[in-house]
Amino acid sequence: MDAALIPLLPLLVVGGTALLVIVLDLLPPRDRKGHLGVVALAGVVMALLVSLGLWGREGRAFRGMVVLDNFALFLDVVICYAAALVLLLSTDYLRRNDGERGEYYILVLLSTLGMVLMAAAADLIVIFLALELMSLSLYVLAGFFRGRLAAAEASMKYFLLGAFATGFFIYGIALIYGATGSTALDRIAAATRAGTRDPLLLVGLGLLLVGFGFKISSVPFHMWVPDVYEGAPTSVTAFIATGSKAAGFAALLRVLLSTFKVSQPDWTVLLWVVAVLTMTVGNVVAIAQSNLKRMLAYSSVAHVGYMLIGVVAGGALGAGSVLFYLLVYTFTTAGAFGVILLLERGRREAVDLDDYAGLAGRHPVLALTLALFLLSLIGMPPTAGFAGKFYLFGAAVRSGYIWLAVIAVLNSAVAAYYYLRVVVYMYMRDTEGLPTGPAPSFAGRLALAIALWGIFQLGLLPAPVLDLAQAAVAPLLR
Amino acid sequence: MKLPILSLVTFLPLLGGVVIALFPRGREALVRWLAFLVSTAAFALSLLLYFGFDAGSPDYQFVEQVRWMPSFGISYHLGVDGISLLLVLLTTFLSPLALLSSWRAVEVRVKEFAASMLLLETGMLGVFVSLDLFLFYIFWEAMLIPMYLIIGVWGGPARIYAAIKFILYTLAGSVLMLVAILALYFHHGGVTGIYTFDLPLLTRYVVPGGIQLWLFLAFAVAFAIKVPMFPFHTWLPDAHVEAPTAGSVILAGVLLKMGTYGFLRFCLPLFPQASLAATPWIFLLALIGIIYGAWVSMVQPDLKKLVAYSSVSHLGFVVLGLFTLTPQGIVGGLIQMVNHGLSTGALFLLVGILYERRHTRLIAEFGGLWQVVPAFSALLMIVALSSLGLPGLNGFVGEFLILVGAFAWAANLSAAGPPAYLVPVLATSGIIFAAVYLLWMYQRVCFGEITAEANRGLTDLTRREWAVLLPVLLFIVWIGVYPRPFTGKTEASVQALIAQVQSKAAAAAPAQPDLQRIHASGAPTPSAWGAGLGGR
């Protein structure tokens, strides 16, 4: 193979699989599309293996617009895990909801492609491109159950607000281009290194942060989250919550740490405030939710706040712990949404807390699994959630942000309330004659098993992965 | 290779719990027996610790240390000394009894209950044997979940409220401790270049005064909530009243001791200067706890609530003893931890026995039980007397030593003059109040005429109930008559602890409280941090 293509390899695998699925979709059988899911899954797993195999390689392609480094590879792994879990959960779920169409898998692969490209982008234009590819696919996926009102609302809202945020983003790119004369990240970095505090540049950065804030759903750009998470098919919700967030953080970290290193004092102050607002608003509003999907939506906002702590703390530990947490969060959240998805009965979504009353009696294994994911979201040892928070808060303390760490841990204690409320319903309320749902499919069980393995592997032996994450951010900090 | 007894004792219950969790439904008798046998086996193993323990040495014994996350200075480090040995034994002793007591009381989800109890045992043992702050914190937190389930699933009518309150209170305290642990870690690493969570290494270091106070406060709040000290005690009555009997026994017997153990193991040696500075305030809270707990006990109409509030009072004594920093006070505090576990555990068992028969715990529902259930009444008498500190029974030994320690503390503080003596004097009044609420309760429950017809048909203790109570009674009398086998194991460690605290407190230079110093006094540069991670 041409050596110039090696940096593109993960992209090529995902993109190639997408094209393959498009072609296969046109071939018979017409009525069953489950095999497309298998092909898509194989492609994502292949991309995962390729990313692991490329570890340690560095390279650039397209005149430096796309970069291959450990940072991109680490996030490729996170994104591929998210996509693989979502695909495993999807097949059976789509069939039960009469939504089994080939486009679903194509769109999932295309948004995965956007995410992988975003992790590897070294030019603002490429970031924008990747962002649009990812987002447009997700807008459609959010409204995939087109017969449902909530789905249409979710899709429309996501699209309108997303387009609005993209406008900010591209305006920011324009201003930065005006200030530095380039959209390439390393040239912008070189231009800013001169040390001028060009207001144009700072405003441009601010607008970029608005765009990123929307994608990672930090306060005050989180308004779309609950409605979209609630209305979208649950498998898509899981993907928006994990994959798109990982991609957003990938670009955010790369832009902030490697390009705008000079303005670190400026954006650190800003993100400090955003982090506190994000976790506090997310957690406090989550308490008031009785719909599990909405609750997890607000909880995901809160988790973005925790991850922003790592960005504020900076350094190899801070940024590395963000990557580590993204991986942890992917397993945990995909797992939690996976359980919800497996419990849905036909067209009736089991998303109210009352639907979970006495679940431990009807579905002991699923109840236990969900409880473990929730414990990981709380950050209870020995699950991965604890290790992730431990590193994030440790990074904050190390960099002297003691108060930030204190606010964060108090937030975790508040969060325990609403996560445990689900446990209360599952274990401490009696079944009120609710029917048992269908037995989970093999693929669904496999997805949950992988996610469970993830939260215990990362919880009991987190150090090797954290070391990898720290090695991954090293190229950004040079 | 030497047998890793501590790991075996700690993880045997976990193993049993996992095996039981995998059992099919419906094998309830088997599950009960298996859980009981596993926890009994853990007790038998822990006896090896007792007999193999060298009382003459203040050092950690049966030490196991394995590198776990070397790049962070985290290791799997276990060990016991005179301070933790008795608590480990108390835990392994009470756990099988608690399981045995739940034979009839827990009828639903027996498998899950047994698994939770065994997981809980592992968590508690882990807290007492961990010598690494990271490991300690993991056990400390992990233990909350099974206790939360035990209260919330098998508890009384308001169990959900009580369970949530229990876990939120405890979490709120312990997360602050996590920040303090991290701050200590980075501060220690920044100053000495050694990044470690290892307790023995960290205790060698003298934390500068200003930082020390903050770290002490964060640790102290976590432990004070657990003890619980006034004003952090409000979760306790709810949790106790709603928990099933076995849960109450473990809660009172072992969980509360984690707070006092934490003070002794972490606060005093790590932050001696701050501990000394805070002593007057701790004493104030302890005294309020002793007297307030006793007064509130007096007016409780519910037996279980009475016992719950009496715990607040008794643990006030323990905290008082520990912070006198005298050998008598600390040894007394340690023994009193064990005593409280035995006496209050037995009281909860007896109340549970009554509740199983009558399904009420209101004192007004009883009266004249002596005529119907003499054996039960006799045991209740002995246990109540032990709890109020009658000489010849265990409670007396602990409270006496604590008060001796408190008087010694006051005598040393001659500069303060007579006001210092108020501390032991007021504490002594707590013993009098204890006699009031326990004896008055006993009088209303057991003496007089039979007031309620339903009580006429009560059956006396069954053989299983005898089997639960007799071992506890044995130790209640044994410690009361001849405490030497128990106190003797603790003394060397206690002496070493006091010497360490005093030398460290003398070495620490006074400083102003200043959070920023944690960072400023030697924060590692990113490259130094990288070097600290040199494991790669």
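Predicted model: local features only at pLDDT ≥ 70, side-chain atom pairs only at ≥ 80, totals over all residues.

Colleague: Okay, and is the peptide bond from A:P381 to A:P382 cis or trans?

Modeller: That bond is cis, with omega near 0°.

Colleague: Which residues does a cis peptide bond join in chain B, with omega about -10°?

Modeller: There it joins B:V227 and B:P228. B:P228 belongs to the loop between α9 (209-226) and α10 (235-242) of chain B.

Colleague: Let's move to the interface. How many residues does the contact take from chain A and from chain B?

Modeller: Chain A puts in 37 residues and chain B puts in 41 residues. The area buried between chain A and chain B is about 3700 Å², and carbon and sulfur atoms give 79% of that.

Colleague: Which residues in chain A lose the most area to chain B?

Modeller: Those are A:F390, A:R398 and A:M428, which together make up 20% of what that side buries.

Colleague: How many salt bridges does the rule find across the interface of chain A and chain B?

Modeller: The rule finds 0 salt bridges between chain A and chain B. For polar contact, it finds 4 residue pairs across the interface, both residues being at pLDDT 80 or more.

Colleague: And which elements of chain A supply at least two residues of the side that touches chain B?

Modeller: α15, α16 (384-398), α17 and α19 (463-477) of chain A each do. The most comes from α17(A), with 14 residues. By class, that side of chain A has 30 nonpolar, 4 polar and 3 charged residues.

Colleague: Nice. New topic: what volume does the largest pocket have?

Modeller: The largest pocket comes to about 1600 Å³. It has 49 lining residues, and the closest to its centre are A:L368, A:L372, B:V18, B:A21 and B:L119.

Colleague: Which elements give two or more residues to the lining of the largest pocket?

Modeller: From chain A, they are α14 (359-362), α15 (364-378), α17 (402-428) and α18 (442-460). From chain B, they are α1 (5-21), α4 (110-129), α5 (133-142) and α6 (144-154). The largest share of that lining is from α15(A), at 8 residues.

Colleague: What does the lining of the largest pocket have by class?

Modeller: The count is 38 nonpolar, 7 polar and 4 charged residues.

Colleague: What lies nearest the centre of the largest cavity?

Modeller: Of the 13 residues lining the largest cavity, A:I378, A:G379, A:S412, B:E141 and B:V175 lie nearest its centre. Each of α16 and α17 of chain A, and α5 and α7 (159-192) of chain B, supplies at least two residues of that lining.

Colleague: And the lining of the largest cavity by class?

Modeller: That lining has 9 nonpolar, 2 polar and 2 charged residues.

How values were computed
Residues numbered from 1 in each chain as written. Chains lettered and ligands numbered in written order. Heavy atoms only, no water. 1 Å grid on protein atoms, 1.4 Å probe; cavity = no way out; pocket = protein on both sides within 12 Å on 5 of 7 lines; lining within 4 Å. Points joined across faces, edges and corners; volume = space filled by probe spheres on them. Helix = DSSP H or I, 4+ residues; strand = E, 2+ residues; numbered from the N terminus. Nonpolar A, V, L, I, M, F, W, Y, C, P; charged D, E, K, R; others polar. Contact = heavy atoms within 4.5 Å. Buried area = accessible area lost by both parts, 1.4 Å probe. Salt bridge = Lys/Arg side-chain N within 4 Å of Asp/Glu carboxyl O. Polar contact = N/O pair within 3.5 Å; in protein donor to acceptor, adjacent residues only side chain to side chain.
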